[in-house]
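Q: Please take a close look at one helix in this model. Which of its residues are buried, and how are they arranged?

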Amino acid sequence: RGPLASREAIKNILKVITIPLQLGGGIRNEKSIYDMLELGVSRIILGTSALQDKAFTKLMIQKYKGKIAVSIDAKNGYAAVNGWTEVSEIRAIDLANELAGYGLETLIYTDIAKDGMLAGPNFKELDDMNKGVPIDIIASGGISRVNDIEKLMQMQLYGAIIGKALYTGAISLNDISGKMEE
């Protein structure tokens, strides 16, 4: 379970790619962070631990400056944890600003109501986050067509994670590679 169980697969991926690799899921201690960075992973994504263990998150952000990103999963603007099963009473934008205060440079923001639905991202929440938090925001959830990517670029978001739309063929890497060069 977690990244250490996938160590060989991660090593094999790193052997064949030339782009930076960010890794998240099940990372809840410094040993996992250190081991994955030593393997060659470029950035580690912390999720639930960012809300449940703020002291650990703050320490890791400060110790591994620029190598830690935090993923905030949110529903109706409130942070969710434990695989989206619990929605907290903490506003996602407030948590993001607190993390920025620790020195966080990159945040992944997923609207869980949109994720995997191919219905477009929550542009309003993403815009509020991008304007209201002084760090790089990566959009996640609901990106379903090239127009979504174009709009996110116009909003000047740092990046976007595209999942289901790539798997289903709704977006191809060729579709977006030209947009990135414009």
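A: In helix α7 (residues 146-154), Val-146, Asp-148, Ile-149 and Leu-152 are buried (under 20% relative accessible area; exposed is over 50%, partly exposed in between; 1.4 Å probe, protein chains only). These residues lie on the same side of α7, because they cover an arc of only 155 degrees around the axis, taken from the directions from the helix axis to the C-beta atoms. Helices are DSSP runs of H or I, at least four residues, and strands are runs of E, at least two, numbered from the N terminus. This is a predicted model in which local features need pLDDT of at least 70 and side-chain atom pairs pLDDT 80 or more, while totals for chains, interfaces and linings use all residues. Residues are numbered from 1 along each chain as its sequence is written, and side-chain values use heavy atoms, without hydrogens and water.

Asp-148 has a relative accessible area of 2%. It forms a salt bridge with Arg-145, with the closest N and O atoms 3.7 Å apart (a Lys or Arg side-chain nitrogen within 4 Å of an Asp or Glu carboxyl oxygen). Arg-145 is partly exposed, at 42% relative accessibility. The whole structure has 9 salt bridges. Another salt bridge joins Arg-91 and Asp-94, with 3.5 Å between the closest N and O atoms. Arg-91 is partly exposed at 38%, and Asp-94 is partly exposed at 42%.

Just after α7, Gln-156 takes a positive phi of about 65 degrees.
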